[in-house]
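Subject: Structure for you, with notes on pockets

Hello,

The structure is below, and my notes on it follow.

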Amino acid sequence: MELEGKRVTLGVTGGIAAYKAAELVRLLVGQGASVRVAMTEAATHFVTPTTFQALSGNPVFTDLWDTGVANGMAHIGLSREADVLLVAPASADYLAKAAHGVASDLLTTLTLARDCPLLVAPSMNRQMWSHPATQRNVATLIGDGVGVLGPAQGGQACGETGDGRMLEPAEIVEELVAHFQPKPLKGRKVLMTAGPTFEAIDPVRGIANLSSGKMGFAVARAAREAGAEVTLVCGPVSLPTPRGVTRVDVTAALEMYAQVMRRATAQDVFIGVAAVADYRPQTASDRKIKKDAAPRLVIELVENPDILAEVAALPRPPLCVGFAAETGNLAEYAEKKRRAKKIPLIVGNLVQDGFGGDTNALILFDDGGQHTLTPAPKLALARQLIARVAALLESTHAPH
Ligand code: PMT
């Protein structure tokens, strides 16, 4: 229930993506939001108001002159009683009117009369989107503080391919959830690692571990929600990239090391969530090793660089945060790692709590002692960790 108690006024304009707005209402309501829908006349040609009424459980507004509204002022009520006005899909026509303060129907009047933030999810043909007039309008809206979500690239209803597809409803919900989070990392840069690494033995075999990447991806999402510019260097995982996060895929620890070190100096924060292999085979065979090659197979391992320790040893290091997964003696081992790597904060978790699952139990260790977080979904814990990181950063590091 990420949107519990939030009041969303959803504006729907005329475009084929209007059918996806029905799914959007379903998802918003499912996350606990109370949703009221205002449709343009054009939108009613694509989806009926009855659909939105059934899904939102509220009356749907289509007309500025609706006599059913007590004081005849739906445009005032719909904005005063909302925490956000979300317009999805937002047509080129709507964006143009919103940018120029035109108030010619209920939705545009409501847009002008609102006293809540406006988020728009554009949806149109690629040429309409790239037209200088639309781009000017979007720039004006951004300058006015409007949040522009997307658009995405891909196949369009007209058969063409390019920019202009409305974001998927689940992506819009993710953006809306982020919108409501506090922004203590605004203007800050966060570099992170996540997932396992895979150290090749031969072309088809290697040494890996059971990290799913879920904890790291949750931390990346929480950091981005908090306003940071986030780069996530991740080992082989099959998770969708959190919205707005720059993802760099790597396989082995040496690649992760190289990708981190080339970016590390420009960062405010570095968070190592990855379960990096401490060792790799000294040489990886370029051919598949045959079982009949020898009765015993000995693979010599050499140490991988310690990415976190090396970032922490830079002349002007970012604020460095580590993770430690242990099977026991968590406090002792986590503190030992914190001291060895010379980092201000390490996050301890038990292997049996952390690896693979959707929930975790974390203990934060820093100079002030230890602080236990109540077991919770990884995203909820990640948000608490990011709040702690932001507070530490505020007291120790000026922005880059
Ligand atoms: O991915 P999930 O399934 O959600 O699981 C999450 C997790 C359990 C993997 C995660 O929460 C976690 O604890 N990650 C750290 C695992 C660990 O014990 O790492 P470590 O003790 O080997 O390393 C300590 C710290 O140094 C870590 O921040 C690690 O990223 C970093 N390190 C380690 C070795 C190395 N060569 N380079 C590093 O940067």
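**Second largest pocket**

The lining of the second largest pocket takes at least two residues from each of β4 (118–122), β5 (147–148), α8 (169–179) and α9. Helices (H or I, at least four residues) and strands (E, at least two) are DSSP runs, numbered from the N terminus. With three residues, α8 gives the most to this lining.

This is a predicted model, in which local features need pLDDT of at least 70 and side-chain atom pairs count only at pLDDT 80 or more, while totals for chains, interfaces and linings use all residues. Residues are numbered from 1 along each chain as its sequence is written, and side-chain values use heavy atoms, with hydrogens and water left out.

The second largest pocket holds about 520 Å³ of space. A pocket is an open set of points on a 1 Å grid over the protein atoms alone, with protein on both sides within 12 Å along at least five of seven lines; a cavity is a set of points where a 1.4 Å probe fits but cannot get out; lining residues have an atom within 4 Å of a point. Grid points are joined across faces, edges and corners, and a volume is the space filled by probe spheres set on the points.

Its lining has 20 residues, and G147, E175, H179, K183 and R224 lie nearest the centre. They divide into eight nonpolar, five polar and seven charged. Here Ala, Val, Leu, Ile, Met, Phe, Trp, Tyr, Cys and Pro count as nonpolar, Asp, Glu, Lys and Arg as charged, and the others, Gly among them, as polar. Domain 1 (7–180) and domain 2 (189–396) each supply at least three residues of this lining; the bounds come from an automatic or database domain assignment.

**Largest pocket**

The largest pocket holds about 870 Å³. It is lined by 36 residues, the closest to its centre being A274, A275, V276, F323 and K337. Elements giving two or more residues to the lining include β8 (189–194), α9 (214–225) and α12 (330–341). The lining divides into 16 nonpolar, 13 polar and seven charged residues.

**Cavity**

The count is one cavity of 30 Å³ or more. The largest cavity has about 40 Å³ of space and is lined by E174, A178, R221, R224, E225, P242 and R243. Both α8 and α9 give two or more residues to its lining, and α9 has the largest share, three.

**One side-chain contact**

K6 lies over the face of F180, 4.8 Å from the ring centre; the rule asks for NZ of Lys or CZ of Arg within 6 Å of the ring centre and within 35 degrees of the ring normal.

Regards
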